[in-house]
Amino acid sequence: MASLVERCIETPEFLEEVDWNSPEILNCLVKYSKTSLLHYYIWAMISTWVSRNYRKDGDCYDMDDITDIDDTLTAYDIPHQSFESYCSLKVPDEDDDPSDDFYNWHLSQKEAFYEMWEKMTEEVFYLLFGNRAFLLKFNLAVSQYLQTGVVRIPLSFTDKKGVIKRQHVPTWVKKAVYCRDRARCVFCNKDLSGILCTDRRSHYDHIVPLNLWGINDPCNLQLLCDTCNLQKSGGQAETGFLYSVWWETDNS
C-alpha cells in the first residue's frame with residue numbers, strides 16, 4: 001500500500017480524489033492537525049484504487065489472493081463474514097456469474113473493508129512520514145494543486161498574496177518531527193539534542209515554504225540548524241536526505 005501511494009503522487013491529478021470540500025481537510029491545510037493531510041491522501045488512494053481494482057479485475061483474484069484478504073481482516077480483528085461463508089450461504093441464481101463472487105463479497109462487507117483500509121492508512125503514514133524524499137514530492141504536488149485555485153481556502157487563514165499564514169507549531173508536532181529526524185539537522189546532520197552543545201537552536205522549517213503555497217501540516221516540517229535554516233530561506237522547496245544509521249559499522 002505504501003508503494004501504491006508513492007506511485008500515485010507521481011501523477012498529481014490523483015489529488016482530485018481527495019475531498020477538498022471537507023472542512024476537516026481544509027483545516028489540515030491551515031493549521032496543524034493530528035489527522036494530517038497525508039492521512040486523508042493515503043486513505044483516498046487506498047480506498048479509490050483498491051476498490052476500483054476489485055470492480056474491474058475482481059475475476060482475477062484467485063483463492064490464495066482472497067484468503068490473504070480474509071486473513072488480513074482477521075489479523076486486524078475486524079468482524080466480517082468470511083468469503084467461504086458468504087459463498088456457502090449465497091442463494092443460487094442461474095444468472096449469477098461466479099467470477100463476480102469476490103466483488104459481491106467485498107460489497108457485502110464494505111464497512112469491514114473500510115475499517116481495514118483505515119488501519120492500513122495509519123501504518124502507511126508511519127512509513128511515509130519517515131521518508132522525506134516522498135514528503136518533498138507530496139508537498140510540492142499539493143502546493144501546485146493549491147495554486148490552481150480549485151481549493152477555496154478560508155480568507156481568514158490567507159495573507160494578501162493568497163498563501164496560507166504561518167501558525168504556531170504545537171509542541172506535539174515539534175516532538176514528532178524532532179523524533180523522526182533524530183534530533184539532527186536534515187541537511188548537515190548537526191546534533192540539535194542540546195545534550196552536548198546547549199547553544200544550538202532547533203528550527204522547524206516548512207519543506208515547501210508557505211510563500212510557495214506550502215501548508216501548515218506536520219508532514220511539511222523538518223528539523224534544521226540555524227545555519228541551514230538561514231541558507232534555505234523561504235524561497236526554496238527542498239529537504240535533506242541524511243538519515244542516521246542504527247549502528248556504526250566496524251571491523252569486529
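**Figure 1. Phe125 and Phe129, two buried residues of the predicted model.** Both Phe125 and Phe129 are buried in this predicted model. Helix H7 (residues 110-129) carries both of them, 4 residues apart, or about one turn of the helix. The angle falls in the stacked class because planes under 30 degrees apart are assigned to it.

**Figure 2. Arg180 at the ring of Phe129.** The view shows the charged end of Arg180, which sits over the ring of Phe129 at 4.7 Å from the ring centre.

**Figure 3. The aromatic pairs, with Tyr61 and Phe102 as an example.** The count for the model is 17 aromatic pairs. Tyr61 and Phe102 form a stacked pair, with 4.6 Å from centre to centre and 20° between the planes. This pair links distant parts of the chain, its members being 41 residues apart. Tyr61 belongs to the loop between helix H3 (37-57) and helix H4 (63-75), and Phe102 to helix H6 (residues 101-108). Is Phe102 buried or exposed? With a relative accessible area of 2%, Phe102 is buried. Tyr61 has 21% relative accessibility and counts as partly exposed, because the buried class takes residues under 20%.

**Figure 4. The aromatic cluster that includes Tyr61 and Phe102.** Which residues form one aromatic cluster? The members are Trp43, Tyr54, Tyr61, Phe83, Phe102, Trp105, Phe113, Tyr114 and Trp117. The stacked pair of Tyr61 and Phe102 is thus shown here with the other members of the cluster.

**Figure 5. Lys34 at the ring of Trp172.** The charged end of Lys34 sits over the ring of Trp172. Its distance from the ring centre is 5.4 Å.

**Figure 6. The whole chain, for orientation of the close-ups.** The protein has 10 helices and 2 strands, in the order α-α-α-α-α-α-α-α-α-β-β-α from the N terminus on. Its C-alpha atoms fill a box of roughly 75 × 60 × 25 Å along the principal axes. Of the 252 residues, 41% count as buried. The accessible surface comes to about 14400 Å², and carbon and sulfur atoms hold 50% of that area. Among contacts between residues at least 6 apart in sequence, 71% join residues at least 24 apart. The protein has 25 positive and 39 negative charges, whose mean positions are 18 Å apart.

How values were computed: Residues are numbered from 1 along each chain as its sequence is written. This is a predicted model: local features need pLDDT of at least 70, side-chain atom pairs count only at pLDDT 80 or more; totals for chains, interfaces and linings use all residues. Side-chain values use heavy atoms; hydrogens and water are left out. Buried means under 20% relative accessible area, exposed over 50%, partly exposed in between (1.4 Å probe, protein chains only). Contact means heavy atoms within 4.5 Å. Accessible areas come from the Shrake-Rupley method with a 1.4 Å probe; for residues, only the protein chains shown count as cover. Lys and Arg count as positive and Asp and Glu as negative; His and the chain ends are not counted. The place of a charge is taken as NZ of Lys, CZ of Arg, CG of Asp or CD of Glu. Rings of Phe, Tyr and Trp (its six-membered ring) pair if their centres lie within 6.5 Å; planes under 30 degrees apart count as stacked, over 60 as edge-to-face and the rest as tilted. A charge sits over a ring if NZ of Lys or CZ of Arg is within 6 Å of the ring centre and within 35 degrees of the ring normal.
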